[in-house]
Amino acid sequence: MIRDRETLNVLLDTVRRFVAERLIPHEPVVAESDVIPDAIIDEMRGLGLFGLSLPEAYGGLGLTMEEEVLVAFELARASPAFRSLIGTNNGIGAQGIVIDGTPEQKQRWLPRLASGEIVGAFALTEPGSGSDAASLATSARRDGDHYVLNGTKRFITNAPEAGLFTVMARTDPRVKGARGISAFVVERDTPGLSIGRPDRKMGQRGAHTADVHFDECRVPAQNLIGGREGAGFRTAMKVLDKGRLHIAAICTGAAERMLDDALRYAIERRQFGQAIAQFQLVQAMLADSRTEIYAARSMVLDAVRRRDDGEDVTVEASCCKLFASEMCGRVADRCVQIHGGAGYVSDHAIERFYRDVRLFRIYEGTSQIQQLVIARQTIKQGG
Ligand code: COS
């Protein structure tokens, strides 16, 4: 749903310009240093990017999902590390509070997330539970007006910079599955919370992941999201439904960028006396990529419009994440191929993007988990 086309166009133009003039020129330095410069982060704050889809009542821009993905298509044209920093504030690091938080919880934390004063993170995965998220073992024991958390979370995006964590933990050890899980907001400086060394990743330098450890970490009972035990797994799944649509949009934008770069290269690069874009075997790669990008874009737009209309889009979100992330991988592969040897060395962005986009098929649910969600629902509906 687009509320006001004119206002949205101003925002899209601004983001497009910011991406072209500020983010893309900074890609090499971020990849080299593994750090996004403070000046860029300040500019992101100034543009309201940390609060794009947080409610206006709490200082965000209150974008609808359709508006959010249109911005995401643009942002994703730059290295995914930039998007990653703001993505958790708008997405998995804040949506637990937006969707299921009490009014007090929203009032307390959303304004600081929306302004970018603090960065949010989402702590679900553990050393022993990845795809099987409902088997998580981090415990939250009630003790007076506190819960005491113990356990380790793994691969937590933005953990090194986060000021606030949405943490899924087991409040009822007798219940092994999803119903024993609750969600908490845990502030960074809570005694007993510590962050491990940043992971050495394949790509996305500038975006950081790390373990988060809880050792007798006392969290006020008022930080239990929604004030209700046992609802945390559902909260996490609802957050991921939205997150998967956002990632699908990011895959689409990244694929568009890679195709643009490959097209430019194919037009400039000459072999056998002509631009390689003139060769039909190269044209096939360009055409297949463009077609698949168009398909992903159309799927994402359809799903987000339905979400804005209040439909349950769990299946569509998984369809979009599955198709767009796999598509993005295929486009990355073709674009390296079009660059030939030049695509294998780091002078060209495609070498970096090829590694960066590999993560899209893994995080916020692997392709295999998306297949499982789609198949289960399809069979259920068929029955
Ligand atoms: N929205 C709301 N509720 C949902 C839901 C959704 N999208 N998906 C599941 N639930 C609910 C179910 O209705 C069920 O509730 P009840 O117990 O009240 O019936 C509960 O959650 C458990 O669901 P289910 O039985 O489907 O859980 P499973 O353990 O079988 O697995 C999968 C669910 C595999 C889909 C889930 O664990 C998953 O998404 N895993 C991947 C995790 C992931 O994406 N990790 C990335 C880390 S974040 S970067």
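## Overall architecture

Helices and strands are here DSSP runs, numbered from the N terminus. By that assignment the protein chain has 11 helices and nine strands. The model is a predicted one.

The protein chain holds 383 residues, and a compact globule with that number would have a radius of gyration near 21 Å; the value for this chain is 21 Å, which agrees. Along the principal axes, the C-alpha trace spans about 80 × 55 × 40 Å. Of the 383 residues, 54% count as buried. Among contacts between residues at least 6 apart in sequence, 76% join residues at least 24 apart.

In soluble globular proteins, nonpolar side chains tend to be buried together. In this model, the largest nonpolar core has 70 residues, and Leu23, Met44, Met258 and Phe360 are those with the most contacts inside it. At least two residues of this core come from each of helix 1 (5–33), helix 2 (38–46), helix 3 (65–75), helix 4 (80–90), helix 7 (232–268), helix 8 (280–308), helix 9 (314–339) and helix 10 (349–356). Helix 7 supplies the largest share, 13 residues. Apart from this core lies another, of 26 residues, including Ile118, Ala134, Ala236 and Leu240.

Phenylalanine 360 touches Pro80, Gln204, Ile247, Ile250, Cys251, Ala254, Lys321, Ser325 and Cys328, when residues up to four places away in sequence are not counted.

## Valine 69 in helix 3

Valine 69 belongs to helix 3. With a relative accessible area of 0%, valine 69 falls under the 20% limit and is therefore buried. Leaving out residues up to four places away in sequence, valine 69 touches Leu245, Ala249, Val300, Leu301 and Val304. The C-alpha atoms of valine 69 and histidine 246 are separated by 6.3 Å, although the two residues are 177 residues apart along the chain.

## Helix 10

Helix 10 is mostly covered, with six of its eight residues buried. These buried residues are Ala349, Ile350, Glu351, Arg352, Phe353 and Asp356. They pack against helix 1, helix 4, helix 7 and helix 9. Helix 10 is also one of the helices that supply at least two residues of the 70-residue core.

## Strands 4 and 5

Strand 4 (residues 164–170) and strand 5 run antiparallel and are joined by seven bridges. Leucine 164 has glutamate 187, in strand 5, as its bridge partner. Strand 5 (residues 181–187) is mostly covered: six of its seven residues are buried.

## Aromatic rings

Three aromatic pairs are found in a search of the whole structure. In the pair of phenylalanine 272 and phenylalanine 279, the ring centres are 6.0 Å apart and the planes stand at 85°, so the pair is edge-to-face. The angle is over the 60 degrees that edge-to-face requires. Phenylalanine 272 has a relative accessible area of 77% and is exposed, whereas phenylalanine 279, at 25% relative accessibility, counts as partly exposed.

A further ring feature involves a charged side chain. Arginine 297 lies over the face of phenylalanine 73, at 4.1 Å from the ring centre.

Technical notes: Residues numbered from 1 in each chain as written. Heavy atoms only, no water. Core = buried A, V, L, I, M, F, W, Y, C linked by side-chain atoms within 4.5 Å. Buried < 20%, exposed > 50% of the residue type's maximum accessible area, 1.4 Å probe, protein only. Helix = DSSP H or I, 4+ residues; strand = E, 2+ residues; numbered from the N terminus. Contact = heavy atoms within 4.5 Å. Phe/Tyr/Trp six-rings, centres within 6.5 Å; stacked < 30°, edge-to-face > 60°. Lys NZ or Arg CZ within 6 Å of the ring centre and 35° of its normal. Pairing = 2+ DSSP bridges. Rg over C-alpha atoms; globule rule 2.2 N^0.38 Å.
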